[in-house]
Amino acid sequence: MSATAIEDIVVTPLGPGIGAQIDGVNLREALSPATREHVMAAWLQHKVLRFRGQQGMSTQQLVDFSKNFGELDRAPTPANKTGKPYLAEFPNVTAISNIVIDGQPIGGLGSYEAEWHTDMSYNESTPSASILYAIEIPPSGGDTWFCDMYAVYDALPAQLKTRIANLKCVHDASRNSAGMLRKGWKEVADPRETIGALHPIVRTHPITQRKALFLGRRLNAYIPGLSLDESEALLDALWQHAVRSEVTWVQQWKIGDVLIWDNRCTMHRRDSFDAETRRLMHRTQIAGDRPY
Ligand code: SIN
C-alpha cells in the first residue's frame with residue numbers, strides 16, 4: 001500500500017482495501033472546492049478516512065467539516081435521563097463517552113464493547129456517514145474496527161449471491177450497539193417478531209453503484225419468508241463471510257483524530273476499555289436515504 005499525493009494532500013491506505021489516512025488537510029479551516037473533491041474521492045474509495053492532529057477543533061468547526069458530506073442528521077437519543085441534547089447550541093452533535101457528570105452519563109455506549117453494526121440501520125432511512133472526533137482517549141482499549149461490506153459481498157460464493165439477491169432482512173430496533181435494551185422496548189423473544197426497518201440484504205451504494213452486503217447487526221435479525229431455522233442458518237452463513245481479517249481494519253485512536261466512515265458500505269464495532277479511564281468523542285451523523 002503506497003501513499004498518493006495531490007497538491008499537499010497525501011492519502012495513505014491503512015487497511016486491506018478499507019481505511020486511509022489523509023495528511024495535509026486542516027479541518028479547522030473551510031475546505032477549498034478542490035480539497036473537498038479530493039477528500040470525497042478518497043472517502044468513496046477507502047470507505048473510512050482518518051485525519052490526524054486536529055486537536056483544538058471547535059464544535060462549530062466539526063459541524064462545518066461534517067456538512068461537506070451532506071445534511072446533518074438528527075442526533076441519536078441523548079444518553080442522559082433529562083432528554084436534553086449534549087450541547088444545547090449544537091443539537092446535531094452527540095458524545096460517545098463513559099464520562100458521568102452529576103450522576104448522568106454525558107454520552108452513549110459507556111466503556112462497553114459495541115458489537116458489529118451499521119449505524120441506525122433499524123430506521124427506514126439510514127445515515128450515509130458518521131464522524132467521530134477524539135478529544136480524550138483511554139491509555140488502552142476502545143479501538144474501533146471497520147469491515148468492508150463491498151469486499152464481503154464480492155467474495156460471496158455465486159450460489160449465495162443468487163440466494164440473497166431479492167431477500168430482505170428486519171433490522172432490530174430494540175437494542176443499542178452495546179447490546180442493551182433501549183428504554184421503553186420489549187425483549188425480543190422470537191426474531192420473527194422483531195420490530196425495525198426491513199432492508200434489502202444486498203444494497204447498492206447510491207454514488208459508486210457498487211453492491212454491498214447489508215447486515216446491520218446479528219441479534220434478532222430475521223429474513224421474512226423463511227422459517228426461523230432457515231433465516232438463522234442463512235444469516236449465520238452470511239456473517240461468517242463478513243468480519244474476517246482480510247476485510248477489516250482497526251483504528252487505534254490518538255487525541256485529535258477525526259474519522260469519517262461510509263455507513264452504506266461498512267460495518268463497525270468497538271472494543272471495551274477500562275471504566276476507570278476516560279474516553280470522549282464528539283460525533284456527528286450525515287442524513288442518508290432508504291437503502292435499495
Ligand atoms: C460506534 O459504535 O458508533 C462508536 C464507535 C467508537 O466509540 O469508537
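Which residue stands opposite Asp 262 in E17? It is Ala 129 that takes this place. The model is a predicted one, where local features need pLDDT of at least 70 and side-chain atom pairs count only at pLDDT 80 or more, while totals for chains, interfaces and linings use all residues. Residues are numbered from 1 along each chain as its sequence is written, and side-chain values use heavy atoms, with hydrogens and water left out.

Let's start with strand E17, which spans residues 258–262. Helices (H or I, at least four residues) and strands (E, at least two) are DSSP runs, numbered from the N terminus. Five of the five residues of E17 are buried, and buried means under 20% relative accessible area, with exposed over 50% and partly exposed in between (1.4 Å probe, protein chains only). Val 258, Ile 260 and Asp 262 point one way from the strand, and Leu 259 and Trp 261 point the other way.

E17 has strand partners too; two strands pair if DSSP finds at least two bridges between them. Strand E4 (residues 48–51) runs antiparallel to E17 and is joined to it by four bridges, with Arg 50 partnered by Leu 259. Strand E10 (residues 129–136) is also antiparallel to E17, this time with five bridges.

Next comes the largest nonpolar core, which has 29 residues. Such a core is a set of buried Ala, Val, Leu, Ile, Met, Phe, Trp, Tyr and Cys residues joined through side-chain atoms within 4.5 Å. Leu 49, Phe 51 and Phe 69 touch the most other members. Among the elements that give two or more residues to this core are E4, E10 and E17, but helix H1 gives the most, with five.

Now for the ligand. Its surroundings include Ile 96, Asp 119, Thr 144, His 268 and Arg 270. Polar side-chain atoms lie 2.5 Å from a ligand oxygen atom in the case of Thr 144, 3.1 Å in the case of His 268 and 3.3 Å in the case of Arg 270. On its own the ligand has 260 Å² of accessible area, and the protein covers 98% of that.

Asp 119, one of the residues around the ligand, sits in the loop between strand E9 (114–117) and E10. Asp 119 counts as buried because its relative accessibility is 7%. Its side chain makes a polar contact (a pair of N or O atoms within 3.5 Å; within protein, one must be able to donate a hydrogen and the other to accept it, and residues adjacent in sequence count only if both atoms are side-chain atoms) with the side chain of Ser 130, at 2.6 Å. Another, of 3.2 Å, joins the side chains of Asp 119 and His 268.

Technical notes. Near = heavy atom within 4 Å. Areas by Shrake-Rupley, 256 points an atom, 1.4 Å probe, with all protein chains shown as cover.
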